[in-house]
Amino acid sequence: MDELDDTRLERYARHVILDEVGEEGQLKLLSSKVLVVGAGGLGAPVLMYLAAAGIGTLGIVDHDVVDLSNLQRQIIHSTEEIGQPKVRSAAERIALLNPDVEVIEHRMRLGPNNAEDLFADYDLIVDGSDNFAARYLSSDTAFKLKKPLVSAALVRFEGQLTTFKAYETGPCYRCLFPEPPDPTLVPRCDTVGIFGAVAGVMGSLQATEVLKELLGLGSSMAGHLLLFDALDQTFRKIAVPKDPGCSVCGG
């Protein structure tokens with residue numbers, strides 16, 4: 001595609017009139033491929049905003065089905081889709097939102113046996129997972145394949161966000177957390193709760209960082225961690241250095 005037709009010019013008009021994006025930038029988004037790991041609390045708003053923005057190919061990795069308890073925050077799904085695979089539910093919603101977007105459904109659990117093959121076909125990876133095993137695997141694989149990884153996490157009223165590009169600059173996930181914590185000490189959403197709109201805040205921030213990375217806009221979050229506290233309505237951005245002794249990206 002060399003230029004936007006009239007329909008696409010109208011659909012993406014608010015992007016095109018931005019000097020920093022323009023028609024060239026929108027064409028770049030339409031040719032981009034992004035893989036989203038998880039179609040849950042974080043993945044739901046990420047997928048909605050990336051689809052609306054015109055990311056040409058969206059891959060979704062999720063093995064789960066829609067549950068009634070998901071709907072308090074996972075806004076891409078609906079009551080009618082309870083029991084349906086999340087990848088299918090998300091794909092159907094994206095098709096209604098933007099027919100420009102090709103959705104590739106990967107109904108599976110991300111694991112060591114499939115991560116490299118999955119990641120290899122995409123320009124950028126989004127980590128919307130809810131467990132440490134998937135976060136470590138996503139970071140390790142993205143580093144090995146030299147793919148940007150936009151990662152977020154949330155619990156209760158708090159969220160955090162960063163971008164990992166340790167192959168260029170900044171740390172990888174293992175630099176921040178060399179070893180997974182004791183599972184008995186880790187709070188889980190199903191036991192301590194999550195304030196639903198916090199997922200929307202963090203997922204929207206993730207989508208923003210994805211678009212910035214693809215278009216080369218502004219300052220990358222690589223090397224920085226953004227902390228959000230909904231109760232105080234505060235954001236705090238801190239520098240996070242690479243660990244020279246890291247088992248994955250150090251030295």
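Predicted model: local features only at pLDDT ≥ 70, side-chain atom pairs only at ≥ 80, totals over all residues.
**View 1. Contact between helices α4 and α10.**

**View 2. Geometry of the α4 and α10 pair.** Two packed helices are described by the angle between their axes and the distance between the axes. For α4 (residues 43-53) and α10 (residues 196-215), the packing angle is about 40 degrees and the axes are 8 Å apart. Because of this angle, α4 is oblique to α10; roughly parallel would require an angle under 35 degrees. The crossing in which α4 passes α10 is right-handed.

**View 3. Contact between helices α4 and α5.** Helix α4 also packs with α5 (residues 86-97), at an angle of about 30 degrees and with the axes 10 Å apart. The two helices, α4 and α5, are therefore roughly parallel to each other, the cut-off for that term being under 35 degrees. Here too the crossing is right-handed, with α4 passing α5. On the α4 side, Leu-47, Met-48, Ala-51 and Ala-52 take part, and they meet Ala-90, Arg-93, Ile-94 and Leu-97 of α5. By class, the residues of the contact of α4 with α5 are seven nonpolar, no polar and one charged. An α-helix has 3.6 residues a turn, so residues three or four places apart point the same way.

**View 4. Helix α10 from end to end.** The 20 residues of α10 span 30 Å from the first C-alpha to the last, which is close to the 28 Å expected at 1.5 Å a residue. After α10 comes Gly-216, with a positive phi near 65 degrees.

View 5. The loop between α10 and β7 (224-229) contains Ser-219. With a relative accessibility of 51%, Ser-219 counts as exposed, since that class begins over 50%. Leaving aside residues up to four places away in sequence, Ser-219 touches Glu-209 and Lys-212. Ser-219 and Glu-209 are 10 residues apart along the chain, and 9.3 Å separates their C-alpha atoms.

Methods: Residues numbered from 1 in each chain as written. Heavy atoms only, no water. Axes fitted to C-alpha atoms, helices over the stretch in contact; angles between N-to-C directions. Helix = DSSP H or I, 4+ residues; strand = E, 2+ residues; numbered from the N terminus. Parallel < 35°, antiparallel > 145°, perpendicular 65-115°, else oblique. Left-handed = near helix turned anticlockwise from the far one by under 90°. Expected span 1.5 Å × (residues − 1). Buried < 20%, exposed > 50% of the residue type's maximum accessible area, 1.4 Å probe, protein only. Contact = heavy atoms within 4.5 Å. Nonpolar A, V, L, I, M, F, W, Y, C, P; charged D, E, K, R; others polar.
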